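Please read the briefing below alongside the coordinates.

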Protein chains: 4
Amino acid sequence: MAILKKLAQVRSLSRAINAATKLLTERGEANSVSMANEILSQYKLLNEEQKLSFYQALATKFNPDPALVLQVAQDYAREPNAKNLIQLTKVTEPPRQELLRRINRVEGGTKEIVAMRRHLIKVLAKKPELYPLDFDMHHLFVSWFNPGFLKMHRVDWESPAHILEKIIQHEAVHEIDGWDDLRRRLQPDRRCFAFFHPQLKDEPLIFVEVALVPEISGAIGPLVDKKSETVNPSQFKTAVFYSISNCEPGLKGVSLGNFLIKRVASYLKEEFPSLKTFVTLSPLPGFMDWVIGGANLGEPAISSQATEKINKALNILNLKEKSWPERISSGWHPTTASEEEKNALMQLCAYYLTTFTVRKGGNPVAKFHLGNGAKLHRINWAGDVSKKGLKQSASLMVNYLYDLEKIEEYHERFTHGEVIYSKPVSQLL
Amino acid sequence: MAILKKLAQVRSLSRAINAATKLLTERGEANSVSMANEILSQYKLLNEEQKLSFYQALATKFNPDPALVLQVAQDYAREPNAKNLIQLTKVTEPPRQELLRRINRVEGGTKEIVAMRRHLIKVLAKKPELYPLDFDMHHLFVSWFNPGFLKMHRVDWESPAHILEKIIQHEAVHEIDGWDDLRRRLQPDRRCFAFFHPQLKDEPLIFVEVALVPEISGAIGPLVDKKSETVNPSQFKTAVFYSISNCEPGLKGVSLGNFLIKRVASYLKEEFPSLKTFVTLSPLPGFMDWVIGGANLGEPAISSQATEKINKALNILNLKEKSWPERISSGWHPTTASEEEKNALMQLCAYYLTTFTVRKGGNPVAKFHLGNGAKLHRINWAGDVSKKGLKQSASLMVNYLYDLEKIEEYHERFTHGEVIYSKPVSQLL
Amino acid sequence: MAILKKLAQVRSLSRAINAATKLLTERGEANSVSMANEILSQYKLLNEEQKLSFYQALATKFNPDPALVLQVAQDYAREPNAKNLIQLTKVTEPPRQELLRRINRVEGGTKEIVAMRRHLIKVLAKKPELYPLDFDMHHLFVSWFNPGFLKMHRVDWESPAHILEKIIQHEAVHEIDGWDDLRRRLQPDRRCFAFFHPQLKDEPLIFVEVALVPEISGAIGPLVDKKSETVNPSQFKTAVFYSISNCEPGLKGVSLGNFLIKRVASYLKEEFPSLKTFVTLSPLPGFMDWVIGGANLGEPAISSQATEKINKALNILNLKEKSWPERISSGWHPTTASEEEKNALMQLCAYYLTTFTVRKGGNPVAKFHLGNGAKLHRINWAGDVSKKGLKQSASLMVNYLYDLEKIEEYHERFTHGEVIYSKPVSQLL
Amino acid sequence: MAILKKLAQVRSLSRAINAATKLLTERGEANSVSMANEILSQYKLLNEEQKLSFYQALATKFNPDPALVLQVAQDYAREPNAKNLIQLTKVTEPPRQELLRRINRVEGGTKEIVAMRRHLIKVLAKKPELYPLDFDMHHLFVSWFNPGFLKMHRVDWESPAHILEKIIQHEAVHEIDGWDDLRRRLQPDRRCFAFFHPQLKDEPLIFVEVALVPEISGAIGPLVDKKSETVNPSQFKTAVFYSISNCEPGLKGVSLGNFLIKRVASYLKEEFPSLKTFVTLSPLPGFMDWVIGGANLGEPAISSQATEKINKALNILNLKEKSWPERISSGWHPTTASEEEKNALMQLCAYYLTTFTVRKGGNPVAKFHLGNGAKLHRINWAGDVSKKGLKQSASLMVNYLYDLEKIEEYHERFTHGEVIYSKPVSQLL
């Protein structure tokens, strides 16, 4: 039995590869839909190992011809005219891209190719020879999941249950504890928006959760409290983006978050002209690891004055004597910490975010928002008093401010290495 | 006043080009949406000539660097490994493609870029240096207007009027004479299906009109007769595809028709299991021009027997004595033509379609359907007795048969130069 | 053959009547749907005469029992308590109403009963014994077509063609001359709204056409001119209701127009806060007939001063010498009429509308709008220069003004016999 | 403060009553919408006691005039012609009905009136003078919630969460234990259908849950087991209606269940032609109470043979020695009960259902299904082993069979007092 199954799978592997070859080499494209269907249905019959063989075939068999590439490159270098350029473009694009485009002609093809990459990504580290396949998939996904093609939809309590279920499942920042918790997050003073692709209409690709509140929130607890009271629309002054989560690992590297945040901000501004401030309430993953590791800011060296301040702060914390996890276990809590400790942590965090973000190893959340053109607005003490919050950032949370008028300028400056921050942050330095 | 306007336009041109440069060179992509909007809004202010300048800029400024291309091509030729391949792909793809992808991030961007190409195509013949821009647009459109992304919708009398209006406007094969004519074509024994793109939801891209009838139709007149009686569904045996029209010139070269016909055939087969035959009723544009021009079949030479038959047929027609348009003016009509004439025309048509189609200058309609995997099924005398029909094909029309089981094989054989035809056609040869 | 058909019809008639009897007398209601279906399908097989017999049966067989009625009425008169009241209500309601309600349980039943009444209404004048059936249908329709159940939808160029077709067909005030004419009336500066019933979703029941313009329109010509320019939304100050048409004769006597106009006005006020004025541009059917007939205002007598004015105006017109149709044929036109004639007609019209409206024979359009709470705002010279307009009202048209703040008060005053009119109208008196 | 509120409420009460009087007495109906809105908004401000006063006013102030009623009844008794009949109908219908119809003209009015009755029903027993108001509301609801007006929608996992939430909340037969439980009941081998009214589109009025299975289910446990395996559609032979629940107490007495079951059965038959059997799996509320009370069948007396059998069965159960709840507490369970006990209970149940159902106190579930035209098909031992199941029916459950061909005949026979049952049931007697 097992042998028969194995034989069938071997047959499926060669069928899938053959169909791929045929789909691509065939002059014209008259039957691409049926051939692509053949590839996808054979692929589904493969076992884990055979799938790798299939990827192997895709990654190696559909490459441009080196000799031909060289020749057209020489032609183009000699005479960079229209004809030679078009020739170059035709010859150097890996035929694999056209192959993937043709598979995508099938209804539901996009979903399958995304699932393929989701799988591929898991094995990539061990199989570097598969990188070209991943590269081409990513290249095409950037085109196919272009924000111009995506639909932004509000997700609320009138949304279909199978969509809501995916929101519960994929919330990555502040876990949703069942349907009642979700319900609170979808009340009239909360918003959840997601991007959908027309071809994957039941799959939220990425979603963001927003609280509409009177003032900038400094702590996550009240925002996700199931029993918190609903704020009246007349009091909406600030939109706090408190969570953003990707749902589809197969889209790794396809940037969606930046576009979603900005589209949501524009949308909310129109719905509630009273909203004046758009701000995040963001976690600080890695901050305490960096502190524990010595608060090393890396190259180039910073001023001796700054070094002194950092060392002083480290001394106050004195993490060598009693490790951070031990302190938490012994009951360390922001509400009972000394003023000295608080100042030390806040100061270290200010250096961490202003100086370290643009250096090797800098905080990814900070990079994301500052790179989008946001400004470092405020560091919040006792922002997240959950276990996770204490452990990773000693309860600190950060507000990044999106000033829609200035994001273009700030982004520009950030790309030149400058972190834009507010006065209160500068006073910590 | 005119000077001020001109100055403003000049400013718009340089702004559009600057925004394009900035959109692309900008590290990161944080503000692509607002920059792309800037490009599109400046573009709209340009006059005809400036638009050409803008295309010129797009076609020449965003090309790969010849020296760098040569270097990565040499690396890849020397060592065609994953790293070098990825490098090659990155370097050789014209940056223009990424530029167009970024413009496409705007909501409504796709529509604008398609409109741009619609315009570009008109001037292309006189401006060959713009070909690379056209090439890249076409390349991206093939990906963006992938049949997997398109929605097929039935168009009927319950469709929105602004969609129906476009059907009336774009019907290219058998003109629709107003709303009453359209209405007949949307009755229960007629079908009209169109492809739509999610980003252009009010724009049918291509549509096909189908008649559901008991037997293969040999003449177009009864099918488009406004006053014809409706056929009862119990008698639906044959689906006759009697018209297929593109609506969007900006998508030139993006093949949609083949996919639409096959998706419609599958769909109808499911809706009416009684449908056994899927066939076209197609015009023969150019046939009489070819006959008048001497029925030259081109290279390679055909058998002397065939040559003799053709010459005999030409003699019977004797088109030198009285030109074809004159004969029509004098009342030539298939119902009063001699049996000899009829035979001569049918025979010439058989050679025209079986031999000439795969040669230089062959009939485009025949190429399209045979290339899709259809079979040449029947040549119909008195198929189209309209003025246009008499003039272009002496009333002849053709049925191409789509046998869903065999289209793959037939397509394959056609790509190797073989025209598949039925016995009745072979008897004409 | 004819005899067989007749026999079958006779059988259908008795079947329909039997099913009706059974549907009603059956204890419980377990099978009302199938029995109601039987009634409707047999009914459809009846010829004209038999339908009348069927109505006859409905109108006479399902009446309350006179003796029983008398008894419960006596009980109730003696002791008007809850028990006796409920008994009274049960016994006196004609069982026919319950019968119609049970027929209405069928999906699509409403449509059939409405169609039945459409037919019934045509024969009612000759068959007064059918009035109780008509009365009960009307009584139920008022409940079933309650404005609270109706959906108001905008009809525009994106509406389904089969809905638009019905708008063309039913426009009763200013005929729509084909699809191009319709199209102009659905442009962004025009609105068309209709009421739909959830059970008859493809049937507009009543619709109103509105023009959004800078100022109150005094003439219909420019509003329905196919080639008129579209007004920019920034200039929308006034909504002119220029046409209101019923589509369903079967709903005669079910008042919908009043509700539609007010719902549309509220809706537009919300969409365009810049709209300050809601006004009709209405025809004056019957006005010239009244003038020709002597401008008789009926009882009670009016002041001698007014009588004098009217007589003077009639003398100026001197309609005895040359009849009104003859004058029009001879080219009478408001642009060439004398100032004296104009004044006479305007003055007569003012009396006609202010005094005559609340008397026997008063203008139905005026009654409708004033009864809705509108105010007589302006009488327009040269408002309608079409043949029909000249003939029925010597080109005069009327603006009735809906002041949403005052309609309740004005309606109240109108129900007490007072016509509310503007200063310019009062100056004509 | 409290005094001010009280004063405001008193004012609201008199306002609501005044508006009601005005809404009705007003000649014409021009402003019914705004007046009805006034009634509803004032009503909302009333406290509990004032609401009763409001109902009191509705129930007593809007009655037909006894003297006038008597007069028209005498006219009609003397001469029952069309004119007198119409007069009778006009005079005897309580004006309250017209009042409620006018309130219903408001968008959302239906919902408010239904809510009013929901409240009214709770106090009705103590306030019999309010019955006429309840009677009229019920009378109108039968018309407004006519099955012909209702939309049947499938409820599944793609339905909006706020609808699903109501299903969880209102399931009255087999409680739904949270979202996971619900999810199982919406899998592809389960169906849930609900009736919706176009005016209350977010409110399921009544819903039925169905299991699609190979054979008639005799036990509820496996059907509602969250972890049960899904049945493949190829095995669907039987549709088991295992739960039907009303969601709206305000619709008490408006029969919907019968129509829903039959529409669902027709719908499923079309979707799955393989479905041959439509059957319920129903509880037996009250059965053990009846047994404990002595299994009294009431009038008329039954045969002495039957009486003997019943007594024998009661003797075997010997419920006097140890009460039924005690036995259950001591671990009584159908799987360990003696064969004798089982036979005794089954036999008693057969008498209970066949003889007692049509007598005073008969089982309401049996009456409902048999009254719909179903047949008593099978009594199931160990059908419901939940605590509630053991207590109310010693684990017995019943299948009622809906044979769509015969329901009309069976219903008819049931209305004449006959219970239709299968052979296996007859063998128990």
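At which residues of chain A does UniProt place the feature "domain: Malonyl-CoA decarboxylase N-terminal"? The UniProt record, an unreviewed entry, places that feature at residues 62-145 of chain A; UniProt positions are given here in the numbering of this model, feature names are shortened, and annotations may be inferred rather than shown by experiment. This is a predicted model, in which local features need pLDDT of at least 70 and side-chain atom pairs count only at pLDDT 80 or more, while totals for chains, interfaces and linings use all residues. Residues are numbered from 1 along each chain as its sequence is written, and chains are lettered from A and ligands numbered from 1 in the order in which they are written.

**Annotated domains of chain A**

- Over residues 62-145 of chain A the chain is 75% helix and 0% strand, with the end C-alpha atoms 23 Å apart; helices (H or I, at least four residues) and strands (E, at least two) are DSSP runs, numbered from the N terminus.
- The feature "domain: Malonyl-CoA decarboxylase C-terminal" is placed by UniProt, again in an unreviewed entry, at residues 148-403 of chain A.
- Over residues 148-403 of chain A the chain is 36% helix and 17% strand, and the end C-alpha atoms are 23 Å apart.

**Chain A with chain B**

- In this contact, 56 residues of chain A meet 56 residues of chain B, two residues being in contact if their C-beta atoms, placed from the backbone, lie within 7 Å.
- Several elements give two or more residues to the side of chain A that touches chain B, among them helix 2 (32-44), helix 7 (109-124) and helix 18 (407-415) of chain A, while helix 4 of chain A gives the most, with eight residues.
- That side of chain A divides into 26 nonpolar, 21 polar and nine charged residues, where Ala, Val, Leu, Ile, Met, Phe, Trp, Tyr, Cys and Pro count as nonpolar, Asp, Glu, Lys and Arg as charged, and the others, Gly among them, as polar.
- Chain A can be laid on chain B with an RMSD of 0.1 Å by a turn of 180° and a shift of 0.0 Å along the axis, copies being superposed by least squares on the C-alpha atoms of residues with pLDDT of at least 70 in both.
- The same surface serves both copies, since 100% of the contact residues of chain A recur in chain B.

- Chain B and chain C each bring eight residues to their contact, and helix 9 (residues 161-170) of chain B gives the most to the side of chain B, with three residues.
- By class, the side of chain B that touches chain C has five nonpolar, two polar and one charged residues.

**Helix packing**

- Helix 1 (residues 2-25) and helix 2 of chain A pack at an angle of about 155°, with their axes 8 Å apart; axes are lines fitted to C-alpha atoms, for helices over the stretch in contact, and angles run from 0 to 180 degrees between N-to-C directions.
- Helix 1 of chain A is therefore roughly antiparallel to helix 2 of chain A, given that angles under 35 degrees count as roughly parallel, over 145 as roughly antiparallel, 65 to 115 as roughly perpendicular and the rest as oblique.
- The contact of helix 1 with helix 2 of chain A divides into eight nonpolar, three polar and three charged residues.
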